[in-house]
Amino acid sequence: MENIPKISDSEWKVMKLLWDNNPCNANYVIENLECEMNWKPKTIKTLLNRLVKKGVLGFEISGRSYYYYPLIKKEDCIKKESTSFLHKVFNGVAKDMVLNFIQDPDLTDEDIEDLKKVLEKRK
């Protein structure tokens with residue numbers, strides 16, 4: 001997990017698309033993110049190239065198309081990002097983070113029940 005480079009918020013958008021749809025060509029990525037994010041095709045190609053340079057994406061060339069695919073698992077990136085967030089915001093104390101989130105007034109009764117079940121399993 002330590003080998004996973006920092007992925008920017010914009011790069012996360014690209015990665016999410018590729019984790020759900022891979023391999024896919026650059027045009028597919030552009031078509032899906034151009035409207036959703038209001039990005040120019042050049043911006044999207046730059047993000048793809050950055051992710052390739054970071055070793056997060058791989059690609060194959062078929063004819064005139066580049067087909068991209070993730071080289072790392074979504075779960076590994078989420079774990080690394082969660083750990084980074086925990087250390088940055090809560091000094092690495094998971095209890096403080098959980099307490100902060102469960103005090104959210106938007107938490108539904110269903111959310112609370114799900115949390116109770118998870119905590120009971122951990123006992």
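Predicted model: local features only at pLDDT ≥ 70, side-chain atom pairs only at ≥ 80, totals over all residues.
View A. Helix α5, which covers residues 94-102, gives the most to the patch, with three residues. Val98 has its place in helix α5, and this residue counts as partly exposed because its relative accessible area is 41%, a value that lies between the limits of 20% for buried and 50% for exposed.

View B. The largest nonpolar core holds 23 residues, of which Val14, Leu18, Val29 and Leu48 touch the most other members. At least two residues of this core come from each of the helices α1 (9-20), α2 (26-37) and α3 (41-53), and α1 gives the most, with six residues.

**View C. The surroundings of Leu18.** When residues up to four places away in sequence are not counted, Leu18 touches Cys24, Val29, Leu48, Leu57, Tyr68 and Pro70. Both Leu18 and Val29 are also among the core residues that touch the most other members.

**View D. The hairpin of β2 and β3.** Strand β2, made of residues 57-62, pairs in the antiparallel sense with strand β3, made of residues 65-70, over six bridges. Within this pairing, Ile61 stands opposite Tyr66 in β3. Two residues lie between the strands of the hairpin, where Gly63 takes a positive phi near 65°.

Conventions: Residues numbered from 1 in each chain as written. Heavy atoms only, no water. Core = buried A, V, L, I, M, F, W, Y, C linked by side-chain atoms within 4.5 Å. Buried < 20%, exposed > 50% of the residue type's maximum accessible area, 1.4 Å probe, protein only. Helix = DSSP H or I, 4+ residues; strand = E, 2+ residues; numbered from the N terminus. Contact = heavy atoms within 4.5 Å. Pairing = 2+ DSSP bridges.
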